[in-house]
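Take a look at the model below.

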Amino acid sequence: MPLKVCSLYSGSSGNATLIAGNNSKVLIDCGVSARAVESALHNVGVRPESIKGIFITHEHSDHIKGVGIMSRKYGIPVYANAKTWEAMQEKVGDLSLACCREVTNGSQMLIDDLCISNFKTSHDTVDPIGYTVECENKKVSIVTDTGVVTNSILNAMMGSQLVLLESNYDKKMLSECTYPAMLKSRISSTKGHLSNEDCAATILKLLSSNIKYILLSHLSKESNTPEIAYCTVKSILEENNVYIGNDVMVDMTYRDRSTQVYNLI
């Protein structure tokens, strides 16, 4: 059985990613309504009660909106680091003690056949992290909500066959959109998000590690479009003699629907 990956939802309005091994399935974040998550899971043939854990990157609502209801309804354990638990506790509501699981930054844990590791990211939250998930020598990385890709983040991603990589904003659209100046500054800071250009630069660095799939993720509704994100990344890659389809596959994620299920064999 392959390692399976499906972005259920991705964007500034909500994020949830399904990762499934031979014996277990987990969600990375659950930032849309429980009903939306249930529907998306059913559409890809997964029963919500089969989810073995929800792993939280940080406490913003577009990453935790459905966590409380999903955990209470199906008894799903929720994993987050100590500072994130403290910041999100009121937002997710009361959960059973058995479902409150704390992760240590930089740690690694096994859930059946899935090996789940985390690494520090750079975002304006109390203690943001990203995740890698490995199963039978296949590896997936989730890298969104970071204003910079540090060497430690890059090293964590190395060896991944598939990366959900943030391509949040187009620089021109951000400068011209109706956001207040302070918000624009936050988004483009090292504690904010990655631009389309930042995303492309990161892809170029990952090529040496046999990356197969990049899913452009967490696009802003106000300062990006799927077409601009894809074309900007494609253009920068081609300037560096890297061609989508030959050297790497680049696909989109969506704010209002799921991607295909990617089977890493």
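## The sheet

Seven strands form an open sheet in the order S6-S5-S4-S3-S2-S1-S14, with mixed pairing. Strand S6 (100-102) and strand S14 (262-264) stand at the edges with a single partner strand each, so one side of each has no neighbour in the sheet. On average, neighbouring strands are turned by 25° against each other, direction ignored. S5 and S6 run parallel and are joined by three bridges. Tyr 79 has Arg 101 in S6 as its bridge partner.

Some terms need cut-offs. Helices (H or I, at least four residues) and strands (E, at least two) are DSSP runs, numbered from the N terminus. Two strands pair if DSSP finds at least two bridges between them. In general, strands of a sheet pair through backbone hydrogen bonds, either parallel or antiparallel.

## Ground rules

This is a predicted model: local features need pLDDT of at least 70, and side-chain atom pairs count only at pLDDT 80 or more, while totals for chains, interfaces and linings use all residues. Residues are numbered from 1 along each chain as its sequence is written, and side-chain values use heavy atoms, with hydrogens and water left out.

## Helices on the sheet

H1 lies across S1, S2, strand S3 (25-28) and S4, and runs at about 140° to S1. H4 lies across S5 and S6, at about 120° to S5. Axes are lines fitted to C-alpha atoms, for helices over the stretch in contact, and angles run from 0 to 180 degrees between N-to-C directions.

## Helix H3

Which residues of helix H3 (residues 67-74) are buried? They are Val 67, Gly 68, Met 70 and Ser 71. Buried means under 20% relative accessible area (1.4 Å probe, protein chains only). Their cover includes helix H1 (34-43), strand S4 (51-55), helix H2 (61-64), strand S5 (78-80) and helix H4 (82-92). Just after H3, Gly 75 takes a positive phi of about 65°.

H1 and H3 pack at an angle of about 65°, and their axes are 8 Å apart. H1 brings Ala 34, Val 37, Glu 38 and Leu 41 to the contact (heavy atoms within 4.5 Å). H3 brings Ile 69, Met 70, Lys 73 and Tyr 74. By class, this contact has six nonpolar, no polar and two charged residues. Here Ala, Val, Leu, Ile, Met, Phe, Trp, Tyr, Cys and Pro count as nonpolar, Asp, Glu, Lys and Arg as charged, and the others, Gly among them, as polar.

## Pockets

A pocket is an open set of points on a 1 Å grid over the protein atoms alone, with protein on both sides within 12 Å along at least five of seven lines; lining residues have an atom within 4 Å of a point. Grid points are joined across faces, edges and corners, and a volume is the space filled by probe spheres set on the points.

The largest pocket holds about 200 Å³ of space. Its lining has 14 residues, and Ser 12, Asn 168, Arg 186, His 193 and His 218 lie nearest its centre. Helix H7 (residues 181-187) gives the most to this lining, with three residues. The classes are three nonpolar, eight polar and three charged.

## Cavities

A cavity is a set of grid points where a 1.4 Å probe fits but cannot get out. The whole structure has three cavities of 30 Å³ or more. The largest cavity has a volume of about 70 Å³. Its lining includes Tyr 9, Asn 15, His 63 and Ser 217. By class, the lining of the largest cavity has five nonpolar, six polar and one charged residues.

Note on methods. Buried < 20%, exposed > 50% of the residue type's maximum accessible area, 1.4 Å probe, protein only.
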